[in-house]
Amino acid sequence: MHVEIQSFFFILIFTHHQLKPYNTFMLPAVCDCFVQIESENEVPQSLADGLFDGNHLILGGGSNVLFVSDFHGTIVQMCTQGIDVLEEDGERVRLSVAAGVSWADFVDYCVSHHYYGVENLIGIPGLVGSCPVQNIGAYGVEVKDVISKVIGYRLASKKAFELTNEECRFGYRSSIFKTDWKNDVLITRVEFVLSKKEHFSISYQGVVKELEENNLPLTIENLAATVKAVRDRKLPDITKIGCAGSFFKNPIVDVAERDRLLQQVPNLVFYPAGEGRAKLAAGQLIDLAGLKGVRHGDAGVYPHQALVIVNYGNASGTEICDFYRFVQKNVFEKFGITIEPEVNVF
């Protein structure tokens, strides 16, 4: 049940709003106030009117949140639309994309226009405005590789900002928006610079194998379709099974720790992560801990990808939270490695 309040022309405000349709775990939580902003022009006035002054959460597509309980405060979702070409020449294009554009639609747009750089990120749920926060990545590509600028407002000061790529302080599944500026930004636009010349990232062997087995020439369309096919085989359909994609971050350890684990796990999967560091595959550790497919009630580890925790139907947020901590505990006891969640818990 909700009550709609007439406010601004391009802002919808609901009270006591059900969040189940707005989180991919499909958890039945309620927030005190739910706000959808459909025009960037309304943001300065909403800031001036104190919309963000109390407890608040900026929600993207709801694909990276776990609601353990009702949210006592205001949840704001940017629903703005638009993809604008700012600059274009024979080699590259610079795009300005509204925060409310779905990431899937943006990738489809880039693939159809032969703008290279985000095709490996196909199939990731969420909105464009959320992508810099988490520095989303998949199949050898991170969004930081193509972002040139992030635009929005600081909520405490109510002032506009524009950050360059370097100023965003991107890291592995991290950015300034998750650290120093956490809970203090409303992103309104993201600018991307993409290549118009063929430029592919095919370091992921599963994708290379799929292309070869299907005798597919390397084109942007074929690479995007292949990544999507590989991804779909590993991950559940979020319209049918509740989940947040990869639940855990891949742990980064020093090489001494990696070498210690190699004694225990000779086939350990790892990747370079800077000088003296290595990134491990959390999914492999969960699998080797014997947890793949394990289920406690309606919370479980997905049988086809150990990195994914799922809600099979009626698990509560608390049950999913208890279950992911159970997975953490078992992995630590077996390997001495702590795996941290990517998902934000509320």
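Ser46 sits at 0% relative accessibility and so counts as buried, where buried means under 20% relative accessible area, exposed over 50%, and partly exposed in between, with a 1.4 Å probe and protein chains only. Its place is in helix H1, residues 43–48; helices (H or I, at least four residues) and strands (E, at least two) are DSSP runs numbered from the N terminus. A polar atom of the Ser46 side chain lies 2.7 Å from the backbone oxygen of Val43. The model is a predicted one, so local features need pLDDT of at least 70 and side-chain atom pairs count only at pLDDT 80 or more, while totals for chains, interfaces and linings use all residues. Residues are numbered from 1 along each chain as its sequence is written, and side-chain values use heavy atoms, with hydrogens and water left out.

At the E7 end, strand E7 (residues 83–88) pairs with E8 in the antiparallel sense over 5 bridges, and a hairpin of 3 residues joins E7 to E8. Within this pair, Ile83 stands opposite Val97 in E8. Elsewhere in the sheet, E11 and E13 run antiparallel and are joined by 7 bridges, with Arg189 in E13 as the bridge partner of Ile151.

There is also an open sheet of 4 strands, in the order E14-E20-E19-E18, and its pairing is antiparallel. Its edge strands are E14 (242–246) and E18 (295–296), each of which pairs on one side only. E14 and strand E20 (residues 308–311) run antiparallel and are joined by 3 bridges, and Cys243 stands opposite Val310 in E20. Helix H8 (residues 317–335) lies across E18, strand E19 (299–301) and E20, running at about 30° to E19. For that angle, axes are lines fitted to C-alpha atoms, for helices over the stretch in contact, and angles run from 0 to 180 degrees between N-to-C directions.

What about the interior? The largest nonpolar core has 46 residues, and those with the most contacts inside it are Leu95, Trp103, Phe106, Val143, Phe177, Phe192 and Leu194. A nonpolar core here is a set of buried Ala, Val, Leu, Ile, Met, Phe, Trp, Tyr and Cys residues joined through side-chain atoms within 4.5 Å. E8, helix H2 (103–112), strand E11 (147–154), strand E12 (160–164), E13, H4 and helix H5 (220–234) each supply at least two residues of this core. H2 gives the largest share, 6 residues. Apart from this core lies another, of 32 residues, among them Ala244, Ala282, Ile286 and Leu307.

Helix H2 itself has Trp103, Phe106, Val107, Tyr109, Cys110 and Val111 buried. The buried residues of H2 pack against E7, E8, helix H3 (131–134), E13 and H5, with contact meaning heavy atoms within 4.5 Å. After H2 comes His114, whose phi is positive, near 60°. Leaving aside residues up to four places away in sequence, Leu194 touches several residues, including Leu95, Phe106, Cys110 and Tyr115.

On to the charged side chains: the structure holds 22 salt bridges, each a side-chain nitrogen of Lys or Arg within 4 Å of a carboxyl oxygen of Asp or Glu. In one of them, the side chains of Glu191 and Arg94 meet at 2.7 Å, N to O. Glu191 lies in strand E13 (residues 185–195) and Arg94 in strand E8 (residues 92–98), so this pair ties together parts that are 97 residues apart in sequence. Glu191 counts as buried, at 7% relative accessibility. Lys209 forms a salt bridge with Glu213, their closest N and O atoms being 4.0 Å apart. These two are 4 residues apart in helix H4 (residues 205–213), and therefore separated by about one helical turn. Glu213 is exposed, with a relative accessible area of 57%. Asp287 and Lys292 also form a salt bridge, with the closest N and O atoms 4.0 Å apart. Asp287 is partly exposed at 35% relative accessibility, and Lys292 is partly exposed with a relative accessible area of 36%. Finally, a network of salt bridges links Glu142, Lys144, Asp145, Arg173 and Glu342.

Conventions
Pairing = 2+ DSSP bridges. Polar contact = N/O pair within 3.5 Å; in protein donor to acceptor, adjacent residues only side chain to side chain.
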